[in-house]
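Hi there,

Here is the structure I promised to pass on to you. Please have a look at it, and then read on for my notes.

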Amino acid sequence: MNKRESVTETQRLRIRKEKNVARTIATAFVLCLTLGVSSAFAHDFWVNAETAKDQVIKVDIGYGHDFPNPESIPEKRVHLFEAPTFVTPAGEVALKQSGENYAYQGMFDAKPGSYLALGTYRPTFWSKGPRGWAMEDRTQMKDAELCEHVSMYAKNILNVGDSSENTFIGKPVGQGLEIIPLVNPATVKPGGKFPIQILVNGKPAKTVEVTATFGGFSDKESKAFYGHTGLDGKIDIIPLKAGYWMVEAEYKEKYKDESVCDDTYLLSTLTFSISEK
């Protein structure tokens, strides 16, 4: 290679590096704008599940700003949540509210296996006007600046023992916006790929925004992972460290009657643990 060719190659590498830096900065800027958009999604929504002594399963509704720690749900919003469910290959385990208004438990013989806890935030109109946000549509809030029809779904993967099966937990359960694990997270190493598929009304959710974070992440206003699904609704999450993780997906479309509301928003989360290997 002569000197002229060497200089050209060096310049080409520098230009490529500068483009990558610019692309990274642009992506970060877009993410900041996205996270800063005013929305009825003022709280995260997730579910936690854990086995306890005496054959008891505990399931908590997480609704707040301090994942993974649940907090008391404001009384005026309790009605927005369906009671969570705990699902096994043999069927559902009956849960009853016990203690705090986010806490539920039921009798469960925790044999080795993989199970699901599910949560639902009922479809709710939220409009923003001069008085702030209220659970109203445009027919109720005539001066609304923005109206959103919001539904949220949550799913937790609970592995008991050394279970790493994905036959049961990898099947759709019928959530409006649903995150499907394509492998059991028990098989994923920190820094490895955790492939998922996101469905909206049973079909691949194309190019939807996906974020992920873990318990103890230092910045509550940011996320540890950010990306978009492909046309097949799939994406590889990269859990960089061991811990308790939450993946969050968001889908938006125009509401069917714009005289009633502007947009339909669906939000879905998946919580799971990544172990040290």
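Below are the things I found, grouped by topic. Please keep in mind that this is a predicted model.

**The disulfide**

Let me start with the cysteines. The count comes to one disulfide in the model, and Cys147 and Cys261 are its two ends, with an S to S distance of 2.2 Å. The pair ties together distant parts of the chain, 114 residues apart: Cys147 belongs to strand 9, while Cys261 sits in the loop between strand 16 (243-254) and strand 17. As for its geometry, the angle about the S-S bond is -100°, and the link of Cys147 and Cys261 is left-handed. Both cysteines, Cys147 and Cys261, are buried. For the cut-off behind that word, buried stands for under 20% relative accessible area.

**The second largest pocket**

Strand 9 gives the largest share, with four residues.

Next comes an open sheet whose four strands follow the order 1-2-6-5, with antiparallel pairing. Strand 1 (44-52) and strand 5 (96-97) are at the edges with a single partner strand each, so one side of each has no neighbour in the sheet. The partner of strand 1 in the pairing I looked at is strand 2 (residues 56-64): the two run antiparallel and nine bridges join them. One of the bridge pairs is Ala52 with Val56 of strand 2.

Is strand 10 (residues 177-181) mostly covered or mostly uncovered? Mostly covered: five of its five residues are buried. In a regular strand, side chains alternate between the two faces of the sheet. In strand 10, Leu177, Ile179 and Pro181 point one way, whereas Glu178 and Ile180 point the other way, and all are buried. Note that Glu178 is among these buried residues. Strand 10 is joined by five bridges to strand 11 (residues 194-200), and the two run antiparallel. Within that pairing, Gln197 of strand 11 is the bridge partner of Ile180.

Best wishes

Technical notes: Residues numbered from 1 in each chain as written. Predicted model: local features only at pLDDT ≥ 70, side-chain atom pairs only at ≥ 80, totals over all residues. Heavy atoms only, no water. Pairing = 2+ DSSP bridges. Disulfide = S-S within 2.5 Å. Buried < 20%, exposed > 50% of the residue type's maximum accessible area, 1.4 Å probe, protein only.
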